[in-house]
Amino acid sequence: MKLAGAPISWGVCEVPGWGHQLAPARVLAEMRGVGLTATELGPEGFLPADPTELTSVLAEHQLSCVGGFVPVILHQVDHDPAEELAGPLDSLIAAGAGVVVLAAATGADGYDSRPVLDEAQWNTLLANLDRLAGIVADRGLLAVLHPHVGTIVETRAEVDRVLGGSSIPLCLDTGHLLIGGTDPLELAKAVPQRIAHAHLKDVDAALAAKVQSGELSYTAAVKAGMYTPLGTGDVDIEAIVGVLRDNGFDGWFVMEQDTILDGAPAGDGPVADVRASVAFLNGIMA
């Protein structure tokens, strides 16, 4: 099982004002300390942009890079998302990554609101997905599209539109799909051949329902603990992992438990939940 970590499990996020941001040295050391040997890069600016410095930092912590989350604006006719992609793609190549995890950004900061697209904007988005996937492939990496709360592709209808209107594979994010109204297990069963990368999250379904109803913003729900250690929430992680592997999935399972820190954590901090999730996955594999 190809298992990796992600800095968002330590509260490191691209959204301005998200919360206290831990230093890379602590995050990477704790990641390695729980037995992980690979990571996604985290938001732009978290790790060095210089290729030599980046590879040195990863090597220092005995971590390889599997990919990175790259939100880009795909739906605006007068905007070229290839320009947004260029810098992150160079960093991922320098780090030896294999996957570019694209998200259909709205153009606003954060994930608490999003626009409704017209047909022309949807056509632009779908064409850009295939074009960026080609650019990434030409550089030797694989692009996947990450359905994500607060982006253009959030709901099951929007996921289906991507599946039907483009050839890009998906990143199956078990948490964002559930919160957006998609059963991730059902999707894994329905289109296993379109899933090339996976983000494993467990979710408190009661808090997710408050996001869906508008009672809570996405950010407020994350702060309230919507993401839980794997095996303690309402997502059937074991069944999802099993379905993917039974259908020949050979991609990375990236553990992500989005969290928001009010300040420097006392005691173990976020690594305690990551450690519990690693233990849960090791139990599945055993």
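How far is the sulfur of Cys-13 from the closest cysteine sulfur, and in which residue does that one sit? I looked it up: the partner is in Cys-171, 15 Å away, which is too far for a bond.

**Ground rules.** I'm reading a predicted model, so local features need pLDDT of at least 70, side-chain atom pairs count only at pLDDT 80 or more, and totals for chains, interfaces and linings use all residues. Residues are numbered from 1 along each chain as its sequence is written, and side-chain values use heavy atoms, with hydrogens and water left out.

**Cysteines.** I took a disulfide as a pair of cysteine sulfur atoms within 2.5 Å, and by that rule I got zero. For Cys-171, the nearest cysteine sulfur belongs to Cys-65, 14 Å away. Next I checked burial (buried is under 20% relative accessible area, exposed over 50%, partly exposed in between, with a 1.4 Å probe and protein chains only). Cys-13 counts as buried because its relative accessibility is 11%; Cys-171 does too, at 1%.

**Helix α2.** My helices (H or I, at least four residues) and strands (E, at least two) are DSSP runs numbered from the N terminus. In α2, residues 51–60, I found Leu-54, Val-57 and Leu-58 buried. They sit on the same side of the helix, because they cover an arc of only 95° around the axis, taken from the directions from the helix axis to the C-beta atoms. Thr-52, Ala-59 and Glu-60 are exposed on the face turned away from that buried side. Among the elements covering the buried residues are α1, β2, β3 and α3. Just after the helix, Gln-62 has a positive phi of about 55°.

**Gln-257.** Last, I looked at a loop between β10 and α11, where Gln-257 lies. Gln-257 counts as buried, since its relative accessibility is 5%. Its side chain reaches the backbone oxygen of Thr-228 at 3.4 Å. Beyond its neighbours within four places in sequence, I noted contacts including Ile-8, Tyr-227, Pro-229 and Asp-273.

Definitions and conventions: Polar contact = N/O pair within 3.5 Å; in protein donor to acceptor, adjacent residues only side chain to side chain. Contact = heavy atoms within 4.5 Å.
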